[in-house]
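Q: I'd like to learn how to read this model, one feature at a time. Can we start with how helices pack?

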Amino acid sequence: MPDSPARACLATHEVTNQPAPRGDLDLWAGDPALATHAGAAGADAARLADFGAGIGTAAMRAAGRDANRHPPEFVPFDAGGRRLDAVHFHPAYHDLMRVGIGAGYAAIPWEGAAGGHATHAAMVYLMSQVEPGVCCPMTMTYAAIPALKADKALFSAWVPKLTARLYDPAPRPLRAKGGATMGMAMTEKQGGSDVRANATTATPEGAYYRLTGHKWFCSAPMSDGFLTLAQAEGGLSCFLVPRWLEEGRNAIHIQRLKDKLGNRANASVEIEYHGAIAHRLGEEGAGVRTIIEMVHHTRLDTAMAPAGLMRAALSEAHYWACHRSAFQKRLIDQPLMRAVLADLALDWEGTLALGMHVARAFDGRGPEARAFSRLGVALAKFLGNKLCPGVVYEAMEVLGGMGYVEDTPLPMLYREAPLNSIWEGSGNVICLDILRTMAREPLAGEALSAELATVAGQDRRFDAAMLAHMETFPKPPEEAQARWYAESLATLLTASVLMRHAPDAVAGAYIATRLAEPRGRVAGAIGGIDPSPVLARLGGAREA
């Protein structure tokens, strides 16, 4: 039943100076920056317009809140003590999964249309504003497709179900499913990011293998299959482990749910393989080389998600500032508030712009596009995720005490903000990967240089910053300076993308505050820019 109208006239006071509920939001039409950068990347604007209008409704946002308030429940046994190894989700979780999968979140890049990866990337950005947890299983389903190319039979069996645009959570073997999802289980206690230290064993048995061992993190445990790593006779190898077999449940035992800071709607668990049946994907000993295709594509999503989180937080802060007064003035009209919001908005639009530009390279053809996509996605993932927690916190502070209360989305966004930096390679891992890519793939460095050269001569401040970078790093640095190097390169690349596609005032403000003029370490500690054109990119969060 719908809620009855709220009463503002109460027994002791009248409610005033409180922004009204926002109602339905059109997340596409209210976001001119997304239209700019999605268009430049070649994304399908019509698909995104439909998705953005549908996912931003009050009902969908309420479903996101319900999915977070009612986290997954681990059900290890039935009433009689028989093993279930089940995780139960709130109905809102399934509703969100149904909408995302049905809209083609996992399927669009593989359907052959132009701009498929860019369209997918924009959908990640939009979905992350409503409920980021459900993005995890959909992202892994999307990213599993290129890894499955290592085996024709597995590709033929699984890919039609993974790209079916049908969400089917029923516990059945693949043959009986209308659609399927894919999870991942790589990390072990003793190795963490060093997967070559994995101890899970794989023993051949006829046409398949038996896996035995423990996985410290398994994402989306109710998926229909999992890509995993285990030690075979020929070395660390990649395997596809189905959750259900024709004869029943596979020997995958859930040990416990992880009690996570955020990402509450999504389940992460510890599992054990007790002789679980698995199908080898790729050659023995080629496990990292095989699964890196999945990791490469999940990194695109971890580069886009922080832009969505920042957008959601800034949208709430901007709406509050436009509808809240203090000291006889609207907050949005107060110069210091405008400086803070504009500074935050530059981080958000820069992250969005770079993420979408990298997504365009995923849609590219040829070795240059692939080389740039590998380096560019690492730079985008690193910088955007380092900025995200600070942006979300400052947006929370705009709302004052209300921003710290679960009645608003800010606490959920703040809990989510660190996740994508940790997932699929934490900051140090990503920086080391950037150094390796520059050393081993000359084409990646050449592609990056060509990207930066496209804007050379257009802004003397950018040119000076580029020269300073080259003087500081005439060659890729030693490991201890990897973060400085990555931040500098990512900031320069972001500026170059904004110079190509964003309004001149936005690109100029980014260059002034990130590359040219001295500034403080906190948001809003800037000077010399006009905040109005930057704040205009927030779009007013237009109500539908």
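A: Axes are lines fitted to C-alpha atoms, for helices over the stretch in contact, and angles run from 0 to 180 degrees between N-to-C directions. Helices (H or I, at least four residues) and strands (E, at least two) are DSSP runs, numbered from the N terminus. Two ground rules: this is a predicted model, where local features need pLDDT of at least 70, side-chain atom pairs count only at pLDDT 80 or more, and totals for chains, interfaces and linings use all residues. Residues are numbered from 1 along each chain as its sequence is written, and side-chain values use heavy atoms, with hydrogens and water left out.

Q: At what angle do helix α6 and α8 cross?

A: Roughly 140 degrees, and the axes of α6 (residues 135-148) and α8 come within 7 Å. Angles under 35 degrees count as roughly parallel, over 145 as roughly antiparallel, 65 to 115 as roughly perpendicular and the rest as oblique. That makes α6 oblique to α8. A crossing is left-handed if the near helix is turned anticlockwise from the far one by less than a right angle, and right-handed if clockwise; α6 passes α8 in the right-handed way.

Q: Which residues of α6 and α8 make the contact?

A: Contact means heavy atoms within 4.5 Å. On the α6 side you'll find Thr139, Met140, Tyr142, Ala143, Ala144, Pro146 and Ala147, and on the α8 side Thr290, Glu293, Met294, His297, Thr298, Leu300 and Asp301. By class, the contact of α6 with α8 has 8 nonpolar, 4 polar and 2 charged residues (Ala, Val, Leu, Ile, Met, Phe, Trp, Tyr, Cys and Pro count as nonpolar, Asp, Glu, Lys and Arg as charged, and the others, Gly among them, as polar).

Q: How far apart are the axes of α5 and α9?

A: They're 8 Å apart, with α5 (residues 116-128) and α9 (residues 335-362) packing at an angle of about 150 degrees. α5 and α9 are therefore roughly antiparallel to each other, and their crossing is right-handed. His117, Ala118, Ala121, Ala122 and Tyr125 in α5 meet Trp348, Leu352, Met356, Ala359 and Phe362 in α9. The residues of that α5 and α9 contact split into 9 nonpolar, 1 polar and no charged.

Q: Is Leu309 buried or exposed?

A: Buried means under 20% relative accessible area, exposed over 50%, partly exposed in between (1.4 Å probe, protein chains only). Leu309, which is found in α8 (residues 287-323), is buried because its relative accessible area is 0%. Setting aside residues up to four places away in sequence, Leu309 touches Ser128, Pro132, Cys388, Val392, Leu413, Glu416, Ala417 and Asn420. For contrast, take Ala157 in helix α7 (residues 152-162): at 39% relative accessibility, Ala157 counts as partly exposed.

Q: How many residues lie between the strands in the hairpin of β1 and β2?

A: There are 5, and Gly81 takes a positive phi near 90 degrees. Strand β1 (residues 73-77) and strand β2 (residues 83-88) pair in the antiparallel sense over 4 bridges, and Val75 stands opposite Ala86 in β2.

Notes. Pairing = 2+ DSSP bridges.
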